[in-house]
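Let's take a friendly walk through this structure together, from the whole chain to a few of its parts. Have the sequence and the 3D view open as you read.

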Amino acid sequence: MEASPDYAVQMHGIVKRFGKFTALDHVDLDVRKQTVHAILGENGAGKTTLMNILYGLYQADEGQVFLNGSKVDIASPTDAIGMGIGMVHQHFMLVENFTVTENIILGDEVCGAVGILDMRRAREKVVELVNEYGFDVDPDAKIQDISVGMQQRVEILKALYRGAEILILDEPTAVLTPQEIDKLIEIMNDLVSKGKTIIIITHKLKEIMRSSHECSIIRRGVYMGTVDVAKSSETDLAARMVGRNVNLKVDKTPAHPGKVMLSVRDLTVCDERGIEQVRGLNLDVRAGEIVGIAGIDGNGQQELIDAITCLARSKSGTITVSEEQVQNTSPRNVFEHSVATIPSDRHRWGLVLPMMVSENTVLERHNEEMFGKGIMLDYDMLRTYTTGLIEQFDIRPSGCEDERMSGLSGGNQQKAIIAREVSYVPDILIAFQPTRGLDVGAIEFVHKTLIAERDRGAAILLVSYELDEVMDVSDTIAVLYHGKIVGTFEQGTVDEEQLGLLMAGGELQ
Ligand SMILES: Nc1ncnc2c1ncn2[C@@H]1O[C@H](COP(=O)(O)OP(=O)(O)O)[C@@H](O)[C@H]1O
Ligand SMILES: [Mg+2]
């Protein structure tokens with residue numbers, strides 16, 4: 001495509017290498033002025049890298065960038081900001097104990113005549129922006145006191161304050177409630193109607209359908225084309241993203257719950273600072289059912305899981321597993337009561353990255369006879385066993401099974417953890433954010449596995465910050481707010497709106 005002033009951004013033939021690895025292989029991006037343009041791709045496809053190039057954080061090895069039809073060189077974020085490009089990163093970069101205004105002007109202080117920061121003038125400008133875009137943000141509030149959705153608006157304000165005409169949002173909805181996502185989409189529409197151009201990176205198809213005009217797809221660093229969203233569908237986008245048809249619907253039959261396998265009563269758990277994060281929580285999970293916990297990050301999910309798995313002390317209350325109390329015993333004891341765990345942070349808890357794939361598949365099982373030759377691991381036995389799991393779970397290491405875990409992609413690492421945990425044939429399976437950071441193809445696999453485990457008769461506790469996941473996979477949905485279960489519903493008897501309300505501390509009519 002020719003460079004043209006009808007396009008706010010054009011990136012042509014972009015190549016970016018990291019050492020021997022080619023992250024972007026001649027990628028094109030043509031973003032029409034005054035539109036919302038989505039960039040879709042699996043994890044690791046190169047989306048953030050492409051935008052980091054546009055924002056001047058990385059330099060492309062080949063290719064050209066045009067803004068409004070003119071070729072530009074963007075050597076740094078300062079250059080990018082000077083050319084009217086703003087970027088809101090995946091992880092916010094705000095200072096917690098500074099106010100909204102202080103954060104917005106940080107690094108861009110308006111200096112008075114004697115070089116003293118003119119806070120009043122800056123604050124006025126912030127108030128003007130807040131009003132102009134209907135942002136509902138208090139300029140004097142401290143960042144630590146406002147919701148994640150508001151923090152994101154502060155990041156957007158920060159870009160607008162610096163005169164951004166082109167706004168890049170990297171995975172902006174990952175941390176938001178449904179209501180906050182609605183608000184963000186409203187803001188994006190409003191910005192576009194006021195002349196801005198927005199590039200949104202996401203792997204959430206539903207949000208692309210709702211927010212974007214066009215969508216460019218990148219698959220493993222290769223540009224797969226741009227589609228008119230109005231003429232596309234979620235299924236079409238998913239297929240283009242992963243290169244095959246994916247089943248977006250979670251297929252399952254009704255649950256046949258048996259007896260209660262996991263029972264939590266009046267549980268209270270404190271965090272490291274001694275603050276109660278779980279406050280008198282009650283929960284039952286029966287054999288053959290999936291209980292999903294819906295809730296926003298930080299409402300006690302981590303502490304609940306840590307208490308059940310005995311990684312954290314329970315202050316009071318009981319946790320009963322197969323009719324035996326296990327609270328405040330040991331992770332080993334819980335494991336021996338047939339509880340398997342898919343942890344939320346696979347790097348911290350799930351895998352030992354420098355170890356081999358095969359060693360990782362038997363972590364926690366080292367003392368089982370099958371793999372033991374005295375105190376040494378029997379590597380031949382291990383290799384045969386690993387090869388079986390690799391086939392069964394379609395784990396795709398690039399080389400042989402002697403490969404180190406760190407060489408696997410996120411999706412394959414997660415499959416390796418799930419393979420390990422499921423191979424224990426547990427009575428109870430705890431899945432904490434099991435699809436975090438995975439693409440739709442891998443998500444489909446994880447969901448199928450959870451349902452297969454349920455159908456085998458396992459009791460499954462799913463804790464996820466992805467509301468769609470909880471709604472699609474769970475037989476029973478429990479809403480966690482402020483350390484308590486504030487509502488429990490059979491699947492299909494509650495909608496997203498109602499759950500969102502409870503998750504935000506509201507009440508149903
Ligand atoms: N600074 C870097 N050094 C080495 N490799 C990188 C760097 N940044 C990104 N990569 C690699 O480039 C690929 C694309 O990454 P990224 O652009 O972050 O993907 P996405 O945003 O689509 O999930 C990944 O394989 C990633 O590991
Ligand atoms: Mg990214």
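Two residues are taken to be in contact when their C-beta atoms, placed from the backbone, lie within 7 Å. Keep in mind that this is a predicted model.

Not counting residues up to four places away in sequence, V192 touches Q34, T35, V36 and I198. Its place in the fold is helix α6, which spans residues 178-193. Is V192 buried, exposed or partly exposed? With 18 other C-beta atoms within 10 Å, V192 is partly exposed, because a residue needs 20 or more to be buried and 12 or fewer to be exposed.

Now step back to the whole chain for a moment. The chain has 17 helices and 22 strands, and 45% of its 509 residues count as buried. Among the contacts with a separation of 6 or more, 67% come from residues 24 or more positions apart.

Next, turn to ligand 1. Which residues surround ligand 1? They are F18, A23, G41, N43, G44, A45, G46, K47, T48 and T49. By class, this shell around ligand 1 holds three nonpolar, six polar and one charged residues. Helix α1, residues 47-54, gives the most to the shell, with three residues.

From there, move on to a pair of helices. The axes of α4 (residues 119-132) and α5 (residues 148-161) come within 10 Å and cross at roughly 115°. Angles from 65 to 115 degrees count as roughly perpendicular, and α4 and α5 are therefore roughly perpendicular to each other. The crossing in which α4 passes α5 is right-handed. On the α4 side, K125, V126, L129 and V130 take part, and they meet L157, L160 and Y161 of α5. The residues of this contact divide into six nonpolar, no polar and one charged.

Finally, find helix α9, residues 301-308. Eight of its eight residues are buried, so α9 is largely enclosed by the rest of the structure. The buried residues are Q301, Q302, E303, L304, I305, D306, A307 and I308. After α9 comes C310, which has a positive phi, near 65°.

Definitions and conventions:
Residues are numbered from 1 along each chain as its sequence is written. Chains are lettered from A and ligands numbered from 1 in the order in which they are written. This is a predicted model: local features need pLDDT of at least 70, side-chain atom pairs count only at pLDDT 80 or more; totals for chains, interfaces and linings use all residues. Helices (H or I, at least four residues) and strands (E, at least two) are DSSP runs, numbered from the N terminus. A residue is near a molecule or strand if its C-beta atom, placed from the backbone, lies within 6 Å of it. Ala, Val, Leu, Ile, Met, Phe, Trp, Tyr, Cys and Pro count as nonpolar, Asp, Glu, Lys and Arg as charged, and the others, Gly among them, as polar. Axes are lines fitted to C-alpha atoms, for helices over the stretch in contact, and angles run from 0 to 180 degrees between N-to-C directions. Angles under 35 degrees count as roughly parallel, over 145 as roughly antiparallel, 65 to 115 as roughly perpendicular and the rest as oblique. A crossing is left-handed if the near helix is turned anticlockwise from the far one by less than a right angle, and right-handed if clockwise.
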